[in-house]
Amino acid sequence: MAAEQAFDGYRLTDEQQAVREAVREVCAAKVAPRAAEADETGEFPKASFDALRAADFHAPHIPVEYGGAGADALATAIVIEEVARACAASSLIPAVNKLGTMPLILAGSAELRRKYLTQVAAGDAMFSYCLSEPEAGSDAAAMTTRAVREGDDWVLNGVKRWITNAGVSEFYTVFAVTDPTARSRGISAFVVEKSDPGVSFGAPEKKLGIKGSPTREVYLDGVRIPADRMIGAEGTGFATAMQTLDHTRVTIAAQAVGIAQGALDYAKGYVQERRQFGKPVSDFQGIQFMLADMGMKLEAARQLTYAAAGRSERGDADLTYFGAAAKCFASDAAMEITTDAVQLLGGYGYTRDYPVERMMRDAKITQIYEGTNQVQRIVMARQLLKG
Ligand code: CAA
């Protein structure tokens, strides 16, 4: 099976290699040329979305039975990696579509899956994930958004913060407290639609990077939804949220690998063109050693990410550990590699005339979202100690 080959660390299957080449082609033609513009304007890269959608790369993980491309976890990671290599903000289209829909795939009823996954697969709607709140970031179980049962409905009230693609997504997985006495076992998951009365959005956050991907608050003000919009059983929402992140931390690792690859590729070309002291600066061993370290860290990050993707595909018991390890390692590596890429370009690297400073800013978020790298270390340590 495809993912098992990657886990063994051999080579990609022909199919996975073909996916990489196809995404790279779309991104070179339609996504990369607009990456700087998305960063400058802070506007959602609709043209990138259209290009990814036309090639069926906007939500590749959705199973074939719902009209999706049915890509396995590794092929999905490769799509995200390749889009991120061109434009990190655009890579949040396939990444967050996976994040938002994973609770449905893991725990949703057949009706919910059919109703929503088909629309995402068709590219008619995107799906966001609403876990964090102003006072519940790393401590996700401290959320206060409340869902109260009223007859055949649930009524939701609260504020969700840092919601990627909020406003452009039609659908939202919302985690809310259904039993305030039970902490994490009193949290349930729901599908909320943008058009549900009582749903509204805050102003876009002014961020350091991934500027083309809107990050906004989601306000739930007496949002009344039918009871069959609950994902899984009452009280299982927190476990579903954590299981989802086990899978999707792999996709953030892939995003980090892609951003780092983009920076290394650019810096590699630059140092061979740039001449100082009468020769290309790539002739200097100090530069060569930097490039070698960047390439080494990048490949280690990629291998760990692909190994984690194999676990995600198979649903292995050690996915929690591998998802956290891959996300943490790859994002730390991406931060180092993009910072070194800026260094290799010298003063030019520090300007917006060249893409590496954007990549360095974009890399930073991968150390923060889907759980800070400090949280990843908590997750890894707990797994190690219980083993
Ligand atoms: N799979 C299944 N169940 C899990 C689980 C997992 N990986 N991790 C925890 N659980 C279960 C536990 O078994 C436990 O269940 P029981 O009560 O039945 O025993 C329950 O959940 C509570 O677990 P913990 O006691 O470990 O919970 P905690 O309060 O100590 O928190 C934490 C653990 C790891 C710190 C967690 O809160 C966490 O991951 N925090 C970070 C949140 C995060 O990643 N937020 C990112 C938001 S999404 C985002 O960034 C998206 C974006 O925009 C791109």
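How do α8 and α10 lie, roughly parallel or roughly perpendicular to each other? I opened the predicted model to find out.

**Entry 1: the helix pair**

I looked up α8, residues 237-273, and α10, residues 319-349. Their axes come within 8 Å. They cross at roughly 20 degrees. Angles under 35 degrees count as roughly parallel. So α8 and α10 are roughly parallel to each other. I also noted the hand of the crossing: α8 passes α10 in a left-handed one. Next I sorted the residues of this contact by type. I got 21 nonpolar, five polar and three charged.

**Entry 2: the core**

I turned to the largest nonpolar core. The core holds 51 residues. Which of them touch the most other members? I found Val 271, Leu 291, Met 294 and Leu 344. Then I checked which helices supply at least two residues each. The list is α5 (73-86), α6 (88-107), α8, α9 (285-314), α10 and α11 (356-366). The largest share comes from α8, with 13 residues. I then looked at the domains. Domain 1 (2-121) and domain 3 (239-386) both give residues to this core, so the core lies between them.

**Entry 3: Ala 69**

Where does Ala 69 sit? I located Ala 69 in the loop between α4 (46-54) and α5. I then asked for its accessibility. Ala 69 has 38% relative accessibility, so Ala 69 counts as partly exposed. Last, I took the distance from Ala 69 to Ser 91. The two are 22 residues apart along the chain. Their C-alpha atoms are separated by 17 Å.

Key:
Residues numbered from 1 in each chain as written. Predicted model: local features only at pLDDT ≥ 70, side-chain atom pairs only at ≥ 80, totals over all residues. Heavy atoms only, no water. Axes fitted to C-alpha atoms, helices over the stretch in contact; angles between N-to-C directions. Helix = DSSP H or I, 4+ residues; strand = E, 2+ residues; numbered from the N terminus. Parallel < 35°, antiparallel > 145°, perpendicular 65-115°, else oblique. Left-handed = near helix turned anticlockwise from the far one by under 90°. Nonpolar A, V, L, I, M, F, W, Y, C, P; charged D, E, K, R; others polar. Core = buried A, V, L, I, M, F, W, Y, C linked by side-chain atoms within 4.5 Å. Buried < 20%, exposed > 50% of the residue type's maximum accessible area, 1.4 Å probe, protein only. Domains from an automatic or database assignment.
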